[in-house]
2 protein chains.
Amino acid sequence: MDELYEQLVEQNIVFDGNVIRVENNKVRLPNGKEASREVVYHRGAVCVIAVVDDYMYFVKQFRVAPNETLLEVPAGKIEVDEAPKVTVVKELKEEIGGVCSDVSNVHQFYVSPGFSDELVYLYVAHDVKLEEQALEEDEFLEIEKVHVNDLPALLQSGRVRDAKTIIAIQHVLLNS
Amino acid sequence: MDELYEQLVEQNIVFDGNVIRVENNKVRLPNGKEASREVVYHRGAVCVIAVVDDYMYFVKQFRVAPNETLLEVPAGKIEVDEAPKVTVVKELKEEIGGVCSDVSNVHQFYVSPGFSDELVYLYVAHDVKLEEQALEEDEFLEIEKVHVNDLPALLQSGRVRDAKTIIAIQHVLLNS
């Protein structure tokens, strides 16, 4: 694989925020030429498949970047020094009030490897029981549940416009 | 859904590159408070499912942001004023030398809606024939094909660490 490698030759941090750090770097290509690479660094996120009594649980949330309210699986950013498994148990409780016996990691994926290192871990939560939602202050979302028999129609409807949520629904359909 | 909406109150462009524009904005939350939102704008991308003689086609490509060589479906950024369908036919030819009778859009999804508006269109290419790869100058990638019967094992192996590619493989498995 070495013949595909691009070597970093110049690093320029252009923005260092709370969620992302943006760099406009130069790399050396396999043919020796230089090229610029705009890169967004992000700590990563988790998301979770929660099925209770044959209903899969989603949250509806307004997203500023696409300027749309999206239907998504429960998810959240990984905090500094936090294990993904800890984040996912926390987000399950916060967003839908779910408590579970355990979680299993089924996939982990870069969501936009062309410019970002954000890695998302997808878990399945086992034996989920529903208690009270425990949203953080300034977090606004609505719960929506969909019967597993209706998931193929949901996928086909085009209502799900979020990559991690499509992966999660497909995973349920392939494993049920 | 209005009760979830966040209104833009202040826009600050912090980086305007060739691929992304980064803003550090302020929004008004549904409860009237203000919050900051780091946003990455991107023109979007396409990717494509190409199956020829029961083999699904992938490309291996070094990605600077995650600092890894990834196995991905053929894909590419949408150019200014380019229809996604035009981009996908072009990328199919460039990256794997594929020509097809038509393409169908099967999903479109935000890959990281928490901070980015990048929308990815997934197509299926029909009646693909393979000719010569037509890579752009300074584009480096290797073709890899996997028999459709081996796709479940590929997914389980953890080798596929790219969201759009997991969606594409699961789509093939759900529709074959």
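Because the model is predicted, local features need pLDDT of at least 70 and side-chain atom pairs count only at pLDDT 80 or more, whereas totals for chains, interfaces and linings use all residues. Residues are numbered from 1 along each chain as its sequence is written, chains are lettered from A in the order in which they are written, and side-chain values use heavy atoms, with hydrogens and water left out.

The contact (heavy atoms within 4.5 Å) takes 67 residues from chain A and 67 residues from chain B. Together the two chains bury about 5800 Å², of which 64% is on carbon and sulfur atoms; buried area here is the accessible area, found with a 1.4 Å probe, that two parts lose on being put together, summed over both. Between chain B and chain A there are 4 salt bridges, a salt bridge being a side-chain nitrogen of Lys or Arg within 4 Å of a carboxyl oxygen of Asp or Glu. On the side of chain B that touches chain A, β2 (13-16), β3, β4, β7 (55-63), β8 (68-72), β11 (102-110) and α3 (163-174) each supply at least two residues, and α3(B) gives the most, with 8 residues. Helices (H or I, at least four residues) and strands (E, at least two) are DSSP runs, numbered from the N terminus.

Over all chains, the count comes to 30 salt bridges. One of them pairs B:D138 with A:K33, whose closest N and O atoms are 3.5 Å apart. This pair joins two chains, because B:D138 lies in the loop between β13 (129-130) and β14 (142-147) of chain B and A:K33 in the loop between β3 (20-28) and β4 (34-42) of chain A. B:D138 is partly exposed, with a relative accessible area of 29%, and A:K33 is also partly exposed, at 36%; buried means under 20% relative accessible area, exposed over 50%, and partly exposed in between (1.4 Å probe, protein chains only).

A further salt bridge links A:E137 and B:K33, at 2.8 Å from N to O. This pair crosses between chains, from the loop between β13 (129-130) and β14 (142-147) of chain A to the loop between β3 (20-28) and β4 (34-42) of chain B. A:E137 is exposed, at 64% relative accessibility, whereas B:K33 is partly exposed, at 35%.

Within chain A, A:R63 forms a salt bridge with A:E72, with the closest N and O atoms 2.8 Å apart, and both residues are buried. A network of salt bridges links A:K60, A:E142, A:E144 and A:R159.
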